[in-house]
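Please consult the sequence and the model alongside the text.

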Amino acid sequence: PREQGRAIVMQEALLSEVSRYVEEARAGSEDALPPLLAACERVLALAPEDAETLRAKLTCLVELGRYGEAEALAAELGEPARYERAYALYQLGREADAMRALPADLSGASGAEQTLAAQIKYRQAEYGEAARLFRAAAEQAASEGDGTAAEHYTNVLASLVLSRDSAAATSYGASLAAGLEAEQFELAYNLACAHIGSGEYSAARDKLAVALRACRESLGAENLPEEEVEVELGVLTAQAAFVDQQLGDKEAAAAAYATLASFKAELEVAVAAVVANNTVALRGEANLFDSWKKAKANLAEPIVKKLTPHQRQAFLANAALLSVAMSRPEQAKECVSSLRSEFPASPLPAIIEAASAARARRPADAEALLRAAAAAADASDPRPSLALAQLQLDGKDPAAALRTLHGLRSLSTSPGYVGALVALHERAGDVDAASTALEAALSAEAAPLALLRSGAQFYARHGRWAEAAALRRRLVEAAPRDAAALAALVA
C-alpha cells in the first residue's frame, strides 16, 4: 500500500508538471514542447491509459513535426483523434489516406476538418472541390466569429483561380467586402490572378498595386533590410512583371525579372522557376542556349513537386518549343511525350508537333495536326484554332484564317481576337465586315474598356463619327477618369 501511495503521489506530481507545460505551450512557447513530451512519457510509464496525457502527447508530436509517430498514436486512439490522424497523414504526403481518415459526409464536420479536407483537395489539384470546401469553412467561421473567415475567403478565391474558372473567380472576388483588400494583400493578389485569367490585365495591374502597397507597408513595420523585403515581395513582383509583359511593356518586365533573378537563391523555388520561364518566353528565340538551361532546370524533380499542374504544363511546353527552335527533335519529342502522358486532354502536344512540322517546311502536315487538335479540343479552348489561323496567315491565306477565327465563339469579346478579325477584314478591304465583327463584340453590356477604345478608333479612322462618339460616351461612363476618352469626345 505504501508503494502504491507513493506511485499515486508521483503520478499526480507528474500530471501537475504536464499541466504546467501544456499551459506554457498554449501561451505560444515552443520551448515548452520537448519537456512536455518528456513529462507525458513519464506519466504514461505509470499510467499508460491516461486519456488526457495521451492527448497531450499527441498534440506535442504534431506540433514538433513528428508526424509518423503522431499518426501511429492517433490510430491507436481512434475516433476522438481522427482529425489529428488525418492532419498527420496530410503532412506525410498521404493525401488519399488523409481524406479517408476524415468523415465521408463533411456537412456536419468541424471547421478544422472542413479546412483540412479543402487543403487536401487543393494539394490534389482538385481546385473546384477545394473552393467548395473552403467556402463552407468560411461560412462556418463567419457564423462562429472565430476570425479566420477572411483567410478562407482568400483560399476560396485562390482555388477558383487555379481551377481556371476566371469568371467565377472574378465574380466571387467582386462579392467580397472591398475593405478586405487593404487588410489582406493575399486577397488583392488573388483578385489580380482572377483578372489575369480573364485577360483583364489593366484591372490585374491595379489589384497588384494594392497588394504590393499593403505588403510593403506590412513588411516595413518589421524593419527588415531592403533585400529581404524584395524577396518577400517576390511572388507579387513576378506577377506584376508578367502583367507588364502582357500589356506590351517588355522593358519593365525584363528589368523586374532581372532584379528577381539576382535574388534567385532566396526566392521560393516556384517563384524562381516562374521568373526563369517568363524570361525565356520574353526573349523568344534570342539567346536560345541560356534559355534552354533555364527551361531544363525547371524540369528537375525538386522543382516539379512545387509547381501547380498549370505551371508544370507550361514549363514542359516551353521546353518543347525551345527544342523545336534549337532544331533538337529528339529533345522536343521527349518533352512532348511527358506532356501527353501527364496531360492527356491538352492540345499542346499537337500544337508543338505542328510547329515542328511547319519549321521543317511541311505545312500540310502542320495543318492536319492542328485541324485534328481543334476538332478534339474543348469548345472553350481556342489554342489549336488560333495556331491554325496563324499557320494560314503565314501561308498567305488570310481568307482561310478569317474562316478559322470566325468559329471561335469563346473569344467573342476578347480585344486581341476582335482586333485580329477587324484587321484581317480591313486588309481585305471589307470595312463593313470589320464593322459587323466589331458590333457583335460591342453588343455585350460589359465590353472590355480596351475593346471600347479600339472600336472608337476604328470608327474614327473610317469617318463614322456617330458610332465613334457613341463608343466614347460608353467609355467615359465606364471610366470617368479616362482623360483621353473625354478629350476625344469633346473634340
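The largest cavity has a volume of about 40 Å³, where a cavity is a set of points on a 1 Å grid over the protein atoms alone at which a 1.4 Å probe fits but cannot get out. Grid points are joined across faces, edges and corners, and the volume is the space filled by probe spheres set on the points. A search of the whole structure finds 1 cavity of 30 Å³ or more. This is a predicted model, in which local features need pLDDT of at least 70 and side-chain atom pairs count only at pLDDT 80 or more, while totals for chains, interfaces and linings use all residues. Residues are numbered from 1 along each chain as its sequence is written, and side-chain values use heavy atoms, with hydrogens and water left out.

The lining of the largest cavity consists of Asn-277, Val-280, Lys-294, Ala-295, Asn-298, Phe-315 and Asn-318, lining residues being those with an atom within 4 Å of a point. At least two lining residues come from each of α17 (269-283), α18 (288-297) and α20 (309-325). By class, the lining holds 3 nonpolar, 3 polar and 1 charged residues; Ala, Val, Leu, Ile, Met, Phe, Trp, Tyr, Cys and Pro count as nonpolar, Asp, Glu, Lys and Arg as charged, and the others, Gly among them, as polar.

The chain as a whole has 30 helices and 0 strands, taken as DSSP runs (H or I, at least four residues, for helices; E, at least two, for strands) numbered from the N terminus. Of its 491 residues, 42% are buried, that is, under 20% relative accessible area, with exposed meaning over 50% and partly exposed in between (1.4 Å probe, protein chains only).

Side chains of opposite charge can pair when their charged atoms come close. The structure holds 23 salt bridges, each a side-chain nitrogen of Lys or Arg within 4 Å of a carboxyl oxygen of Asp or Glu. One of them joins Asp-290 and Arg-283 (2.8 Å, N to O); Arg-283 is partly exposed at 28% relative accessibility. Another joins Arg-340 and Glu-353 (3.0 Å, N to O). This pair links distant parts of the chain, 13 residues apart: Arg-340 lies in helix α21 (residues 329-342) and Glu-353 in helix α22 (residues 348-359). Arg-362 and Asp-365 also form a salt bridge (2.8 Å, N to O). Finally, a network of salt bridges links Glu-79, Arg-82 and Glu-113.

Methods. On a 1 Å grid over the protein atoms alone, a cavity is a set of points where a 1.4 Å probe fits but cannot get out, and a pocket is an open set with protein on both sides within 12 Å along at least five of seven lines; lining residues have an atom within 4 Å of a point.
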